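Have a look at the sequence and coordinates first.

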Amino acid sequence: MSIWYRLQVNKHQHGLYALAHQMLGNQLEAEDVVQDTFIKLWQRREKGGKFEKAWLYKVTRNQCLDIIRRRKHANEYQLAAAAGSDVSPSSVDVVLNDELSGEIGKAINQLDEPYQSLLVMREVNGLSYQVLADALDLSLSQTKVYLHRARKQLKESLEKTYA
């Protein structure tokens, strides 16, 4: 295995997993998607294809969307809760954080695409606007507008929940 490939895996595996897990709500499926993404990266590298960070996120997102489409066709699609916090402060804080994370996760999962992907890739993974635009085949201005709309819809959804 090449050093370059290992570096790419180490650098991007957590962000890709976060995206896949948020979209799918299933740890095993998310791990499979990330593994498949890195297999495609290996194949692309062997064929002399150009590597871009946005390409990894695009492949991951598209694989997740394929799984979601298959779930819908099989009537197995369910909303997934967001992953809880790894930090373990007081038991009251844990319960409140889990509840809030669950509500935020449900609200994000109710957003349409590409709003859902944009929020996860920007807010969870911290990707730049340009990488988002490249990953979703959008212009930079479209990306900013869609992200603004996604945040607004998320805010409105959470306000309804806690109003």
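Predicted model: local features only at pLDDT ≥ 70, side-chain atom pairs only at ≥ 80, totals over all residues.

Residues are numbered from 1 along each chain as its sequence is written, and side-chain values use heavy atoms, with hydrogens and water left out. The chain has seven helices and zero strands, with helices (H or I, at least four residues) and strands (E, at least two) taken as DSSP runs numbered from the N terminus.

**Overall picture**

- Going along the sequence, the pattern reads α-α-α-α-α-α-α.
- Of the 163 residues in the chain, 36% are buried; buried means under 20% relative accessible area, exposed over 50%, and partly exposed in between (1.4 Å probe, protein chains only).
- Take the contacts between residues at least 6 apart in sequence: 65% of them join residues at least 24 apart, where contact means heavy atoms within 4.5 Å.

**H1 against H2**

- Helix H1 (residues 3-24) packs on helix H2 (residues 27-46) at an angle of about 145°, and their axes are 8 Å apart.
- Those axes are lines fitted to C-alpha atoms, for helices over the stretch in contact, and the angles run from 0 to 180 degrees between N-to-C directions.
- H1 passes H2 in a right-handed crossing; a crossing is left-handed if the near helix is turned anticlockwise from the far one by less than a right angle, and right-handed if clockwise.
- On the H1 side the contact includes Trp4, Tyr5, Leu16 and Ala20, and on the H2 side it includes Val33, Thr37, Trp42 and Arg45.
- Sorted by class, the contact of H1 with H2 has 14 nonpolar, six polar and three charged residues.
- For those classes, Ala, Val, Leu, Ile, Met, Phe, Trp, Tyr, Cys and Pro count as nonpolar, Asp, Glu, Lys and Arg as charged, and the others, Gly among them, as polar.

**Threonine 60**

- Threonine 60 sits in helix H3 (residues 53-73), and it counts as buried because its relative accessibility is 0%.
- Leaving aside residues up to four places away in sequence, threonine 60 touches Leu16, Leu19, Ala20, Val33 and Thr37.

- Helix H5 (residues 115-124) is mostly covered, with seven of its ten residues buried: Tyr115, Gln116, Ser117, Leu118, Leu119, Val120 and Met121.
- After H5 comes glycine 126, with a positive phi near 65°.
- In helix H6 (residues 129-136), the buried residues are Val131, Leu132, Ala133, Ala135 and Leu136.
- H5 and H6 pack at about 145° with axes 10 Å apart, and their crossing is right-handed.
- Leu118, Met121 and Arg122 of H5 make this contact with Tyr129, Leu132 and Leu136 of H6.
- That contact of H5 with H6 splits into five nonpolar, no polar and one charged.
- Glutamine 130 lies in H6 and is partly exposed, at 41% relative accessibility.
- Glutamine 130 and threonine 143 are 13 residues apart in sequence and 8.3 Å apart in space, C-alpha to C-alpha.

**Rings and charges**

- Rings of Phe, Tyr and Trp (its six-membered ring) pair if their centres lie within 6.5 Å, with planes under 30 degrees apart called stacked, over 60 edge-to-face and the rest tilted; the count by this rule is two aromatic pairs.
- Tyrosine 5 and tryptophan 42 pair edge-to-face, 4.8 Å centre to centre with 80° between the planes.
- This pair ties helix H1 to helix H2 across 37 residues; tyrosine 5 is buried at 9%, while tryptophan 42 is partly exposed at 31%.
- Tyrosine 115 and tyrosine 146 are also edge-to-face, 5.7 Å centre to centre with 85° between the planes.
- Here the link runs from H5 to helix H7 (residues 140-162), 31 residues apart; tyrosine 115 is buried at 13%, and tyrosine 146 is partly exposed at 21%.
- The charged end of arginine 45 sits over the ring of tryptophan 4, 4.3 Å from its centre; the rule is NZ of Lys or CZ of Arg within 6 Å of the ring centre and within 35 degrees of the ring normal.
- Arginine 122 lies over the face of tyrosine 129, 4.2 Å from the ring centre.
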